[in-house]
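Let's read a protein model together, one question at a time. Keep the picture open beside you as you go.

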Amino acid sequence: MNDIKNLVSQLTLEEKAGLTSGKDCWLTKAVERLGIGSARTSDGPHGLRADDYSRDDHATMPAVCFPTAVTTAASFDREMLFEMGKELGRECQSYGVDVLLGPGVNIKRSPLCGRNFEYFSEDPYLAGELGAAFVNGVQSEGVGTSLKHFFANSQETRRFTSSSEIDERTIREIYLPAFETVVKKAQPWTIMASYNKINGTYSTANRLYLDEILRKEWGFEGLVVSDWGATHDRAAAVEAGTDLTMPAEDTDRQIVEAVKNGTLSEEALDLCCERVLELVFKSEKNRRRELPFDPEAAHALSRKCAADSLVLLKNEGGMLPLSKGDKIAFIGAFSKTPRVQGGGSSHIRETKLTSALEAAAEAGVSVTYAAAYNPETGESDENLIAEAVKAARSADKAVLFIGLPDSMEYEGGDRPHMKLPEAHDRLVREICKANPETAVVLHNGSPVEMPWIDQPKAVLEAYLGGQAVGGAVVDILFGDVNPSGRLAESFPRRLEDNPSYLYYIGEGDRVTYNEGIFVGYRYYETKKQEVLFPFGYGLSYTEFEYSDLSVKKAGDGAEVSVKVKNVGVREGKEVVQLYVAPEKVKMIRPKRELKEFAKIDLRPGEEKTVRFSLPARAFSYWDIEAHDWKVESGKFGVEICKNAHEAIMSGEVEF
Ligand code: BGC
C-alpha cells in the first residue's frame, strides 16, 4: 500500500486523470515511465467475449458458452456455480484476461426486461448466494470479477437516462441485498456502477451508495468501474468513488480542470488512482497464463451445469423420460439450432454447439425431424406446419422445441409483451392434436405466457442453456439425468398479473417502483394471485418425503433441521427451500420469503438430514426510522416448502 501511495505521489495530475479512464475498450492505461502496466477486462458473465489482441481487427476469440444466469439460477446449487466460475477463471487465465465482467445480480422486477437472461432471480437471497459462489469460483483461479449492474438497473428502455425511484425500505430489502451478500461473502475485485440514476442521481455519481453503503457499511475493498459509458460527469464520478470510467474517453481534461479550479479534491483523485493501481498489481501478481484450459472438458461441464438447471414444468402420466426405443420426432428448428444465449455484450462466440438432434444421434437414438419454423424470425408457414404435423403423426411421441428467437430478447431493449411468437403457440396446438403424446421444450430467457399449457403432456424449460444445452435436453428427456432445476422466478399466467405491470418502464425518465417490496412471489403469494408456475417450482422423476422438522431459537436467530428421503426408484437431487413467514407482526410484510436453501443428492431409499442456521437478519425488516435492520416482536413461521406456493411443513419461533 505504501508503495502504491508512493507511486501515486510520483504521477503528474494528467497521469492521475488518465488512470481513471480506460486505454481502450478493455484495458486500463499503463504509465510506462513508472513501470505501471494495464489490467485487462472482458465480458462476461457466462463465458468469455475476449478480443484477440494479436489480430488487427481484434476479432472475438471463440470461448465456451456456459448456461446463462437465468438457467444456472434454477440449479439452486452453490457448488455448481463455484465450479462453473472456477472453469471460467481458468479460461480467463489462458486467454490473458484479468477481470471477467460479471456476474449480474440485478433483481428481475418484470419478466419483460431484455437482460433478464443475464440475471439470476427475482429473489435477492438466491441471487446473492449464487452470485457469491460464482465470484468465489472465478477468483479462486486468480481472476477478478465485476459484480454488476450496481444497482436498480431493472429495464433496458432508456437505460442511459432513466431514474429508478425507489423507497428506502425497498432498496434495502429487495434491490441491495444480493450485492451486499456477494460483497461480504466473496469480495469481488470490482463492482460495476449501472447506467441508470437512483432517485435522481446517476449510479456512477452516487456517493451514498458507492461510498457510504458499499465501502463504509459493507466493507467493499475493490474498485468501482462505471458501466461502459455510464459516467456523465468525470469529476462527480471520482468524488463519489467511481475509480475507473470505461471504456476510453476523451474527457480526462475535465478532471484536470476540476482539480485545478478546486471543485474536485486531489485526495479523492489519489484514492481512485490507488485503487486502479491495486487492481493492476493484483492482476499482474495473479497471472498464470500457463494454467491448462481444456475446451472439451469445459464443454462437458457446460452440459452438466445445464442438465442440473433445466426445469421440468409438467409431466402428465409420466410421459418423460422417453425410452430410447420409442419412435420419436423432434419438431422445431431449435432442436437443430438451439437458442443458447441472449444478444448483446454477453454474446459469446461458442467453441462448438451441441443440438438436441446431434446429442440424440450420439446417444444412439434415431429421431425424425421437421423444422416447423424459421429459427431466426420464429415465423412459420402452412407448408412447414403441415410437415411438422405429418412428422408428429408418424411418431409414437413428439418433442416440440419452441421459444423466443434472438430478435425478441436482447440487451438494449425490453420485450413489449410476454408472448411466444404466434406460430409457436399455434404449433403447440396443432402438434398436440396430431399426437397427444407430445412434450414441449422451451428456449427463452424469461417467462412466457403458455395459453396452451393443458395440451402437451410434458413441458421442459430449457432456458438459454449454453453451447451444450442440446446434450442436457437429451440427458433429461431420456432420463440419463433426473431433472432438479427449480424456477428462480415466478411465471405469471399473463403479464397483467405481474406487480410492476402498471408502472414498468415509467413515465419519461421517471420510473417509480410503486410495487415496493412486493416483487415476484412476494406479491403473488401475499395477494393470493394465482400463477402459472411459482418461484421455486420444478418436478423430478423421483419423489421426496420430508419429516422430523425441528425449529429452535438460537441466539437472535434459529436453528432448523429436517429429514429428506428419496422414496422413488431413481436417484435424484432435491432443492430444500426454507422460507420465513411472519405471522403476528405489525409491519406490512410478504407472506413468506426465501431465507435458505440446499441442494442434496439422494439415491433411492436414502435419507439425509439438512441443517440450516438462520441469523437474525432472516427475520428482519428494514426500519426506515432507525435506518437499520430490525426484528419485530412477534411470531414467525419457519416453513420448508416445495416452492414459494406450497409449504410442506412448518415450525414457529417467537421474538
Ligand atoms: C453492459 C455491461 C458490459 C459492458 C462491456 C455494457 O453495455 O451493460 O454489462 O459489461 O457493456 O461490454
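**A walk through the model**

Q: Between which strand and which helix does the loop with aspartate 52 lie?
A: Keep in mind that this is a predicted model. Aspartate 52 sits in a loop, with a strand on one side and a helix on the other. Those two elements are strand 1 (41-43) and helix 3 (69-73).

Q: Aspartate 52 has no salt bridge; how far away is the nearest side chain of opposite charge?
A: Aspartate 52 is buried. A salt bridge needs a side-chain nitrogen of Lys or Arg within 4 Å of a carboxyl oxygen of Asp or Glu. For aspartate 52, the nearest side chain of opposite charge belongs to arginine 55, at a distance of 4.8 Å.

Q: Which residue's side chain is joined to that of aspartate 52 by a polar contact of 2.6 Å?
A: Aspartate 52 touches His58, Ala59 and Met61, when residues up to four places away in sequence are not counted. The polar contact of 2.6 Å joins the side chain of aspartate 52 to that of serine 54.

Q: What percentage of the ligand's exposed area does the protein bury?
A: The ligand is surrounded by 14 residues, and the closest are Asp43, Arg115, His149, Tyr195 and Asp227. In the side chain of histidine 149, an N or O atom is 2.7 Å from an oxygen atom of the ligand. Polar side-chain atoms also lie 3.0 Å from a ligand oxygen in lysine 148 and 3.2 Å from a ligand oxygen in glutamate 411. On its own the ligand exposes 310 Å², and the share buried by the protein is 93%.

Q: How many of the nine residues of helix 16 are buried?
A: Helix 16 covers residues 469-477 and is mostly covered. Its buried residues pack against several elements, including helix 12 (295-307), strand 10 (328-331) and strand 14 (458-461). Among the buried residues are Val469, Asp475 and Leu477. Of the nine residues in helix 16, the number buried is nine.

Q: Is isoleucine 328 buried or exposed?
A: Isoleucine 328 is found in strand 10. Beyond its neighbours within four places in sequence, isoleucine 328 is in contact with residues including Leu322, Val399 and Phe478. Its relative accessible area is 2%. The cut-off for the label is under 20%, so isoleucine 328 counts as buried.

Conventions. Residues numbered from 1 in each chain as written. Predicted model: local features only at pLDDT ≥ 70, side-chain atom pairs only at ≥ 80, totals over all residues. Heavy atoms only, no water. Helix = DSSP H or I, 4+ residues; strand = E, 2+ residues; numbered from the N terminus. Buried < 20%, exposed > 50% of the residue type's maximum accessible area, 1.4 Å probe, protein only. Lys, Arg positive; Asp, Glu negative; His and termini not counted. Polar contact = N/O pair within 3.5 Å; in protein donor to acceptor, adjacent residues only side chain to side chain. Contact = heavy atoms within 4.5 Å. Near = heavy atom within 4 Å. Areas by Shrake-Rupley, 256 points an atom, 1.4 Å probe, with all protein chains shown as cover.
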